[in-house]
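Colleague: Let us go through this structure together. I will ask, you answer.

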Amino acid sequence: IVHLEDVQDESVLVEHIVRHAGLVFEWKWTSTKEGYISALQTFHPDIVISDHSLPGFSSVEAYKLLHEMKMDLPFILFTATVSEDFAVIMMKQGIADYVLKDRPQRLPHAIENAIEKWDAERKNRAFIEKLINSEANLKALMENSDANIYSLDRLMRFVTFNSQFKHTVQGLYGTDL
């Protein structure tokens with residue numbers, strides 16, 4: 001966990017609350033933009049927790065940096081200084097959750113939910129990518145084959161066919177599929 005917070009004592013308290021809830025993790029506290037970038041590059045976190053207002057840096061900038069660096073990580077806003085409207089806007093932009101500092105007991109649950117959701121989305125993206133690759137491989141096999149390849153549905157309608165089959169039908173029947 002990378003915790004972006006300008007007050008180290010608050011970070012220590014938050015770390016204690018999360019550990020007390022039974023979560024097992026490594027903790028990296030940082031309070032600056034430079035420290036945040038370094039932590040993302042060298043610490044390799046699974047999640048980011050960020051205060052909104054830091055001297056010369058904000059959660060909006062931290063979230064944008066995460067995406068600019070092409071890092072796909074859950075991001076939780078943990079702050080006392082934003083309105084609910086702002087938090088909702090940030091969630092629409094993709095942050096995993098927001099927790100108000102006056103309700104820190106909610107943070108461990110938010111962390112678990114964010115990581116579970118992120119992991120499920122990552123697996124879903126991997127499955128879709130695998131499916132797309134499989135479909136592309138099948139299409140390449142069909143189109144590069146000299147055999148007539150086609151499939152029919154239950155009503156005996158053509159579902160798919162390769163260009164060799166289309167060429168054969170055109171040659172035999174003078175018609176296009």
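**Salt bridges and sheet**

Modeller: The side chains of Lys 101 and Glu 5 form a salt bridge, 2.8 Å from N to O. A salt bridge here is a side-chain nitrogen of Lys or Arg within 4 Å of a carboxyl oxygen of Asp or Glu. This is a predicted model: local features need pLDDT of at least 70, side-chain atom pairs count only at pLDDT 80 or more, and totals for chains, interfaces and linings use all residues. Residues are numbered from 1 along each chain as its sequence is written, and side-chain values use heavy atoms, with hydrogens and water left out.

Colleague: How many residues apart in sequence are the parts that Lys 101 and Glu 5 tie together?

Modeller: Lys 101 lies in the loop between β7 and α5 (107-143). Glu 5 lies in the loop between β1 and α1 (8-20). Helices (H or I, at least four residues) and strands (E, at least two) are DSSP runs, numbered from the N terminus. So the pair ties together parts whose separation in sequence is 96 residues.

Colleague: Is Glu 5 buried or exposed?

Modeller: Buried means under 20% relative accessible area, exposed over 50%, partly exposed in between (1.4 Å probe, protein chains only). Glu 5 has a relative accessible area of 1%, so the residue is buried.

Colleague: Which residues are linked with Lys 101 in a network of salt bridges?

Modeller: Glu 10 also meets Lys 101 in a salt bridge, at 2.6 Å from N to O. That pair links helix α1 to the loop between β7 and α5, 91 residues apart. The network links Lys 101 with Glu 5, Glu 10 and Asp 51.

Colleague: What is the strand order of the open sheet?

Modeller: Two strands pair if DSSP finds at least two bridges between them. The sheet has five strands, with parallel pairing. Its order is β2-β1-β3-β6-β7.

Colleague: Which are the edge strands?

Modeller: An edge strand pairs on one side only. The two that do so are β2 (28-30) and β7 (97-100).

Colleague: Which residue in β7 stands opposite Thr 79?

Modeller: Strand β6 (residues 75-79) runs parallel to β7, and four bridges join them. Opposite Thr 79 stands Leu 100.

Colleague: Is Ser 50 buried or exposed?

Modeller: Ser 50 lies in strand β3. Contact means heavy atoms within 4.5 Å. Not counting residues up to four places away in sequence, Ser 50 touches several residues, including Leu 4, Ala 62 and Leu 77. Its relative accessible area is 0%, so Ser 50 is buried.
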